[in-house]
Amino acid sequence: MLSAEEIKAIDAERAHYPTAQAVGIEAMKIVQHHRGWVSDESLREIAEYLGLSVESLDGAATFYNLIFRRPVGKHVILICDSVSCWIMGYEQLREQLQTELKIGLGETTQDGRFTLLPSCCLGACERAPVMVVDQDLHGDLNSEKVGEILAGYE
C-alpha cells in the first residue's frame, strides 16, 4: 500500500500535470525514492491509485532507465558510455570501477553499497569521462579521482 507520504508527494506532482498518465513516471520516481526501487507490487499500487494500467506504467518504466525495477545498492553509479566518454577513457574508468568494486556492469556489491550501471549519455561531454553517483555528477575522471569519489560514499 502506498504510504501517506508517497500519496501526498504524488498528489503534489499530479497538480502539475494534465492527466494521470502524464504523472506516471513522477509517481514511480517518488515511490523509488522512498523504497529504493519499484517492485511489481509497487507498480500495481501506483497504477491503481492513478487509475492506469500496470502495463502502461511498466512500459514507461522499461523505457526510462532511471526507474529501477529490481533492488539496487545504497548508491547507484551510472557510468557514461557515450562516444565522447569512450574517446576520453571510458574503458579504463569502467575497468577500474569493476576492479575496485569487484562487480560487473548491472551488478551490486556484496555489501549492498554500490550498483554499477552503464548509461548511454549523461549530458556532460565537455567533462568526459563522467559518472553519476546517486545525483552527483563527477567529470574529468582519472584513476586517482575515482578512488577518492568512491571513498566519499562509504
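This is a predicted model: local features need pLDDT of at least 70, side-chain atom pairs count only at pLDDT 80 or more; totals for chains, interfaces and linings use all residues.
Guide: Happy to! Six of the six residues of S1 are buried, so the strand is largely enclosed by the rest of the structure.

Visitor: Which way do the side chains of S1 point?

Guide: His75, Ile77 and Ile79 point one way, while Val76, Leu78 and Cys80 point the other way, and all are buried. In a regular strand the side chains alternate between the two faces of the sheet.

Visitor: And which strand is joined to S1 by six bridges?

Guide: That is strand S2 (residues 114-119), and S1 and S2 run parallel. To find one of the contacts, look at His75, whose bridge partner in S2 is Phe114.

Visitor: What about S1 and S3, parallel or antiparallel?

Guide: Antiparallel: S1 pairs with strand S3 (residues 131-133) over three bridges. Here you can look at Ile77, whose bridge partner in S3 is Val133.

Visitor: Let me zoom out a bit. How many helices and strands are in the protein chain?

Guide: The protein chain has seven helices and four strands. Along the sequence they follow the pattern α-α-α-α-β-α-α-β-β-β-α.

Visitor: What does the C-alpha trace span along its principal axes?

Guide: About 50 × 30 × 25 Å. The protein chain has 154 residues, and buried residues make up 40% of them.

Visitor: Switching topic: I saw some cysteines. How many disulfides are there?

Guide: A search of the whole structure finds zero. Take Cys80 as a case: the closest cysteine sulfur is in Cys85, 3.6 Å away, which is too far for a bond. The cut-off for a disulfide is a pair of sulfur atoms within 2.5 Å.

Visitor: OK, and is Cys80 buried or exposed?

Guide: Cys80 is buried, with a relative accessible area of 2%.

Visitor: Where is the closest cysteine sulfur to Cys121?

Guide: In Cys125, with the two sulfurs 4.7 Å apart, so that is too far for a bond as well. Cys121 itself is partly exposed, at 41% relative accessible area.

Visitor: Now rings! How many aromatic pairs does a search of the whole structure find?

Guide: One aromatic pair turns up. The partners are Trp86 and Tyr90, with ring centres 4.7 Å apart and planes at 45°, so the pair is tilted.

Visitor: Why give both a distance and an angle?

Guide: Because a pair of aromatic rings is described by the distance of the centres and the angle of the planes.

Visitor: Got it. Is Tyr90 buried or exposed?

Guide: Tyr90 counts as buried, at 2% relative accessibility. Trp86 counts as partly exposed, at 38%.

Visitor: What about the surface? Which residues make a nonpolar patch there?

Guide: Val83, Ile87 and Met88 make a nonpolar surface patch of about 350 Å². You can find Val83 in helix H5 (residues 83-88). Val83 is exposed, with a relative accessible area of 63%.

Visitor: Let's do charges. How many salt bridges does the structure hold?

Guide: Six salt bridges. One of them brings together the side chains of Lys29 and Glu26, at 3.4 Å from N to O.

Visitor: Where do Lys29 and Glu26 lie?

Guide: Both are in helix H2 (residues 24-35), three residues apart, which is about one turn of the helix. Lys29 is partly exposed, with a relative accessible area of 32%.

Visitor: Which residue forms a salt bridge with Arg35?

Guide: Glu45 does, and the closest N and O atoms are 3.1 Å apart. Arg35 lies in helix H2 and Glu45 in helix H3 (residues 40-50), so the pair ties together parts that are 10 residues apart in sequence.

Visitor: One more salt bridge, please! Which residue does Glu95 meet?

Guide: The side chain of Glu95 meets that of Arg94, at 3.8 Å from N to O. Glu95 counts as partly exposed, at 43% relative accessibility, whereas Arg94 is buried, with a relative accessible area of 17%.

Visitor: Thanks, I'll go and find these myself!

Key: Residues are numbered from 1 along each chain as its sequence is written. Side-chain values use heavy atoms; hydrogens and water are left out. Patches are made of residues with over 30% relative accessible area and no salt bridge: like charges are joined within 9 Å, nonpolar side chains (Val, Leu, Ile, Met, Phe, Trp, Tyr) within 5 Å. Accessible areas come from the Shrake-Rupley method with a 1.4 Å probe; for residues, only the protein chains shown count as cover. A salt bridge is a side-chain nitrogen of Lys or Arg within 4 Å of a carboxyl oxygen of Asp or Glu. Helices (H or I, at least four residues) and strands (E, at least two) are DSSP runs, numbered from the N terminus. Buried means under 20% relative accessible area, exposed over 50%, partly exposed in between (1.4 Å probe, protein chains only). Rings of Phe, Tyr and Trp (its six-membered ring) pair if their centres lie within 6.5 Å; planes under 30 degrees apart count as stacked, over 60 as edge-to-face and the rest as tilted. Two strands pair if DSSP finds at least two bridges between them.
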